[in-house]
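Visitor: Let's go through this model together. I'll ask, you answer.

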Amino acid sequence: MNRRPTLLAALALTAAAALTLSACGSDDDTPAKDKDTIAGADTGGKKSASPSTSAPAAADRPKIELPGDLSYTFDWPETGDKEKDAVLADSEQSIKAVDMAIVNQNPLDKAYLYYYEGEAAANTEEFIKAYVEAKARVTGAYSYYDADVQVTGGTAASFVYCEDQSKAFDMYLKDKKVNKTPVTRNSYVLYSTKLRKNEKGVWVVTELLSQRGSDKCQR
């Protein structure tokens, strides 16, 4: 679905052109996101709203569990609009769900498939497979900012946002070696997604595009 730095780059490019491997401050795309030991998922500063009241109860959603050495900051303030805030909240979960699939080394993990469908699901599956084949994961901190969400007719949405991968790095599962790469403009990625509100009231990703090194996301 999105990001990562150096090792899986070649694999990811051939497997899913719409996705970028974890940028982790590298000039070329490589793996930077995978996971191991499972710990608290909701680390990092969170500002976005919880799902709207019309969305499924928490008990119906997949539980997201991630490694303790991986953290997220979502600098996505609430908009005050019920549907827009639901898009933001579900997007947070969709990002973490993909990472959990990489941690689990499972390209068909049910959690991310709860939040992705169609083209986005197919590309994300290939993206996760690249990590599995490379036997790698990422460690460190991811930051998300400059969110712009638009909702049309209550059931369709577009969402553009930035990701800072400057403090995230690739880790290879065999020896736990972390590949610390320098921060470059490619450490910052612009994402453009399309979503729809499904029958369960969940905002699912149907299309996902990314642009590494975007001027809009530079810090």
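Visitor: What pLDDT does the protein chain average?

Guide: This is a predicted model, where local features need pLDDT of at least 70, side-chain atom pairs count only at pLDDT 80 or more, and totals for chains, interfaces and linings use all residues. Residues are numbered from 1 along each chain as its sequence is written, and side-chain values use heavy atoms, leaving out hydrogens and water. pLDDT is the predictor's confidence in each residue, from 0 to 100. At least 70 is scored by 73% of the residues, and the chain average is 80.

Visitor: Which cysteines form a disulfide?

Guide: A disulfide is a pair of cysteine sulfur atoms within 2.5 Å. The structure holds one. Its sulfur atoms are 2.0 Å apart, and they belong to Cys162 and Cys217.

Visitor: How many residues apart in sequence are the parts that this pair ties together?

Guide: Strands are DSSP runs (E, at least two residues), numbered from the N terminus. Cys162 lies in strand S3 (residues 156–172), Cys217 in the segment after strand S6 (203–212). So the tied parts are separated by 55 residues.

Visitor: Is Lys197 buried or exposed?

Guide: Buried means under 20% relative accessible area, exposed over 50%, partly exposed in between (1.4 Å probe, protein chains only). Lys197 sits in strand S5 (residues 188–197). Its relative accessibility is 18%, so Lys197 counts as buried.

Note on methods. Helices (H or I, at least four residues) and strands (E, at least two) are DSSP runs, numbered from the N terminus.
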